[in-house]
Amino acid sequence: MSVGPFEYGPVENCIKDICMAPSSTLDPESTEILETWAITFFIWLFLFTTAFLLVKWSKGDLRDWVMATPYYSGIVGLGTLWFSVFIGGFVIPDGQFGAWTHSLRQYTNVSVLVYYQPVRTLVPLGFSVATFGGLVALAEGWKRLLNNGDSGSKDYKIVGLFIIIALLILAIPIFGVIAAPSNLNAVRAWGLTFFLSVIVLSTLFSILEVSNDGSGLSGFSFSFLLSMWATLVIAGSFWVEASLSFARHIDRPIHLDASYASFLFTSLVPLFGSMTLFYSAQKKSSDTSFESRLLLISVAILFLVIAYVIFHQAGIYKALFDGNYNNTFLGLHQHIILSLDFIWLTYFGTELIDD
């Protein structure tokens, strides 16, 4: 078995034709777990705060660059994904999942690729840039849609949503105050727990908005869509960072929980973002061609996600190819979904650049 230029040797104790990259499980009482959660939390806090403050206070040329962030961050995310797949074929030892130049059966997902350098550096940086772009898109969309362009009138509401989500994050995975359910494996425990929390928060926010302005059912629908988009982006951005921090070679169980949570949230962000913009344009009797195209991309993402869950749970790829290319097609399927997520963000960014 040959070794790539970064000197990774064979997987220890593996007698299979194709072996998986190493994985690890830390002691639940390990200080490394708490330290990693803390680092993840502060990275997430920095990204949110920076995005919010830049959108709020930037002017002139700086504002032009800030508005271009979602567009370019989507391109960075897309380029990071496929460049990592490409170089994975050359830096991963033959016989391990990911080295597709040895055999297409070894093509796999980012979760495995990120064990190897330089992918281990490229993916966290590139995906964090894309996450930052999504937060900028939310902050600007929030200001335009809820505040009618006024950068100060209702900012405290999105800050309030962030604080509540931050407290939930501190309570569930870090301090264990709230135990995540253990029998919801479809999207993993923390993902579904946070998704239910997002729905509750969005509903409460919408009721408060309607009670304040008396806008009725129409106002409730718009507020619910906007707040769902906001809370999905805020919570989802944390789980993206958590999945990057807890890679499989650090703690595989936490990585899987965080990855499924981020997969759920990033799949729904385009849908609720598109519906919010479409609903707002319809209320103003504006042309909805841009919003319709965004919505089309988001529906395609949702369709592919549902198909992925079905194919994964039912083992359809495994049955179709006698198990030889199951991981290959599951990995490719994931990469297509992630690509559409980045394309949606880039296309959303074209509207901000035009304005």
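User: Is arginine 144 buried or exposed, or something in between?
Analyst: Arginine 144 is partly exposed, because its relative accessibility is 26%. Buried means under 20% relative accessible area, exposed over 50%, and partly exposed in between (1.4 Å probe, protein chains only). This is a predicted model, where local features need pLDDT of at least 70 and side-chain atom pairs count only at pLDDT 80 or more, while totals for chains, interfaces and linings use all residues. Residues are numbered from 1 along each chain as its sequence is written, and side-chain values use heavy atoms, with hydrogens and water left out.

User: What does arginine 144 meet in a salt bridge?
Analyst: Glutamate 140, at 2.5 Å, N to O. A salt bridge here is a side-chain nitrogen of Lys or Arg within 4 Å of a carboxyl oxygen of Asp or Glu. Both residues lie in helix 4, four residues apart, about one turn of the helix. Helices (H or I, at least four residues) and strands (E, at least two) are DSSP runs, numbered from the N terminus.

User: Which residues are linked with them in a network?
Analyst: The network of salt bridges links Arg63, Glu140, Lys143 and Arg144. Glutamate 140 bridges to lysine 143, with the closest N and O atoms 3.6 Å apart. Arginine 63 also bridges to glutamate 140, and there the closest N and O atoms are 2.9 Å apart. Arginine 63 is in helix 2 and glutamate 140 in helix 4, so that pair ties together parts 77 residues apart in sequence.

User: And burial? Where do glutamate 140 and lysine 143 fall?
Analyst: Glutamate 140 is buried, at 1% relative accessibility. Lysine 143 is buried as well, at 10%. Arginine 63 is partly exposed, at 21%.

User: How many salt bridges does a search of the whole structure find?
Analyst: Four.

User: Switching to rings. How many aromatic pairs are there?
Analyst: The count is 25. Rings of Phe, Tyr and Trp (its six-membered ring) pair if their centres lie within 6.5 Å; planes under 30 degrees apart count as stacked, over 60 as edge-to-face and the rest as tilted. Take tyrosine 71 and tyrosine 72: their centres are 5.0 Å apart and their planes at 85°, so they are edge-to-face. Tyrosine 71 is partly exposed at 25%, and tyrosine 72 is partly exposed at 45%.

User: Which residues form an aromatic cluster?
Analyst: One cluster has members including Trp37, Phe41, Trp44, Phe162 and Trp239.

User: Which charges lie over a ring face?
Analyst: Arginine 120 lies over tyrosine 115, 5.1 Å from the ring centre. Lysine 283 lies over phenylalanine 222, at 4.7 Å. The rule asks for NZ of Lys or CZ of Arg within 6 Å of the ring centre and within 35 degrees of the ring normal.

User: Now the backbone. Where is the cis peptide bond?
Analyst: A cis bond joins glutamine 117 and proline 118, with omega about 5°. Proline 118 sits in the loop between helix 3 and helix 4.

User: What about serine 285, what is its phi?
Analyst: Positive, about 55°, although serine 285 is not a glycine. Serine 285 lies in the loop between helix 8 and helix 9. With 68% relative accessibility, serine 285 counts as exposed.

User: Last one. Which glycine has a positive phi just after helix 5?
Analyst: Glycine 176, at about 70°.
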